[in-house]
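Biologist: I'm new to this one. Could you take me through the surroundings of a single ligand, step by step?

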Amino acid sequence: MAHDRGPFKLSNPWPVIGWGVVAGALVVSVVLGFGVLSRFQQNAPTLDLWAAICRGLGITSDTAPATQPQPALNTPTRIAWTPSTLEQIASGDAERGAFIAMNCVACHGQRGVSGSDVYPTLAGMSPAVIYKQLDDFRTGKRPWGVMGGVAKALSDQDSADVAAYFASQPNGLPPVDGYRVPEPGRSLRETNPAKRLAFAGDPARGIPPCAACHGQGGYKIGAPALQQQRPDYIEAELQFFAQGVRANDIFGQMRNIAKQLTPDEMHALALFYSESGGPQASIR
Ligand code: HEC
Ligand code: HEC
């Protein structure tokens with residue numbers, strides 16, 4: 001009789017209930033642990049079931065550092081002054097460029113000497129400048145409808161060739177070679193504001209002298225000659241840089257300067273460089 005009432009009697013339901021409860025608890029904890037709790041993350045999207053199970057087991061790849069949101073890459077230009085770029089520019093064939101230039105002279109003037117304030121003079125411009133600007137127009141880094149279309153029709157070698165052609169044309173811009181000449185007015189006491197900015201800059205506003213990069217004092221590769229350039233064009237470009245409409249200058253060096261200039265200063269600088277021939281007058 002005692003045996004009949006023992007714990008192992010087949011009709012005794014308690015062992016089954018006991019095991020059932022244990023198994024149930026196990027299932028609930030597996031579902032909770034792998035399927036629910038490991039799905040939700042504090043600052044990231046909810047995981048799908050398989051990823052959640054893996055994560056619960058500790059075999060996920062999400063042990064890597066959290067990825068930071070990347071700001072869109074916004075480079076001012078595609079051009080870097082690498083030896084291969086400089087070699088390609090130097091390889092420009094001016095004779096071949098003369099044929100390409102037939103597509104340009106309607107706007108930029110015969111042999112690149114502009115007769116209009118809208119179009120910049122290209123004659124005598126450094127080939128590196130022409131090459132870079134053409135690439136910037138082509139890639140949309142310097143937005144200007146017509147020039148974008150013109151530049152898209154040119155290959156890199158075409159650009160080098162046409163750059164060599166215009167660079168070799170006379171009666172345009174003087175070479176920007178950093179040739180130093182003694183020039184009165186290279187001091188901060190100079191009264192003509194344009195001349196003061198050109199040769200001494202304005203340290204209080206962080207403006208370096210224009211001549212430090214644009215020639216007749218120093219030269220920075222890619223900085224165009226300003227002497228003899230069309231005054232309205234110079235002024236317009238300074239405004240474009242100041243507004244950020246033109247933003248293809250490496251390191252923002254022209255945007256930073258132009259933002260500091262007043263409209264009157266822009267006007268005065270444009271006249272100074274184009275009309276007086278700027279410092280060039282004292283060289284020739
Ligand atoms: C339909 C007229 C037009 C034609 C054709 C044209 N251009 Fe231009 N180009 C312009 C204008 C306008 C600008 C000035 C854009 C601005 O104000 O930013 C310009 C600017 C440029 C500049 C930048 C100069 C600088 O000082 O930064 C270069 C380089 C240039 N053009 C080269 C060429 C070449 C090379 C061709 C021929 C293959 C050509 N252009 C054909 C209208 C033209
Ligand atoms: C730190 C060097 C530097 C200084 C200083 C500097 N520039 Fe520039 N400037 C450049 C470079 C480089 C470019 C060409 C930007 C590009 O790649 O499009 C440029 C472009 C320009 C252009 C556009 C010309 C064209 O043909 O498209 C104008 C106008 C200009 N600068 C005016 C000035 C004036 C005015 C000053 C003085 C107040 C000045 N810059 C000072 C480096 C300089």
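Modeller: The shell around ligand 2 divides into 14 nonpolar, 5 polar and 3 charged residues (Ala, Val, Leu, Ile, Met, Phe, Trp, Tyr, Cys and Pro count as nonpolar, Asp, Glu, Lys and Arg as charged, and the others, Gly among them, as polar). Keep in mind that this is a predicted model, where local features need pLDDT of at least 70 and side-chain atom pairs count only at pLDDT 80 or more, while totals for chains, interfaces and linings use all residues. Residues are numbered from 1 along each chain as its sequence is written, chains are lettered from A and ligands numbered from 1 in the order in which they are written, and side-chain values use heavy atoms, with hydrogens and water left out.

In total, 22 residues surround ligand 2, and K132, C210, C213, H214 and M254 are the closest (a residue is near if one of its heavy atoms lies within 4 Å).

Now for the iron atom of ligand 2: H214 (NE2) and M254 (SD) coordinate it at 2.0 to 2.1 Å (donors are N, O and S atoms within 2.8 Å of the metal, or 3.2 Å for Na, K and Ca). This pair links distant parts of the chain, with H214 in helix α10 and M254 in helix α12, 40 residues apart. Both H214 and M254 are buried (under 20% relative accessible area, 1.4 Å probe, protein chains only).

Methods. Helices (H or I, at least four residues) and strands (E, at least two) are DSSP runs, numbered from the N terminus. Buried means under 20% relative accessible area, exposed over 50%, partly exposed in between (1.4 Å probe, protein chains only).
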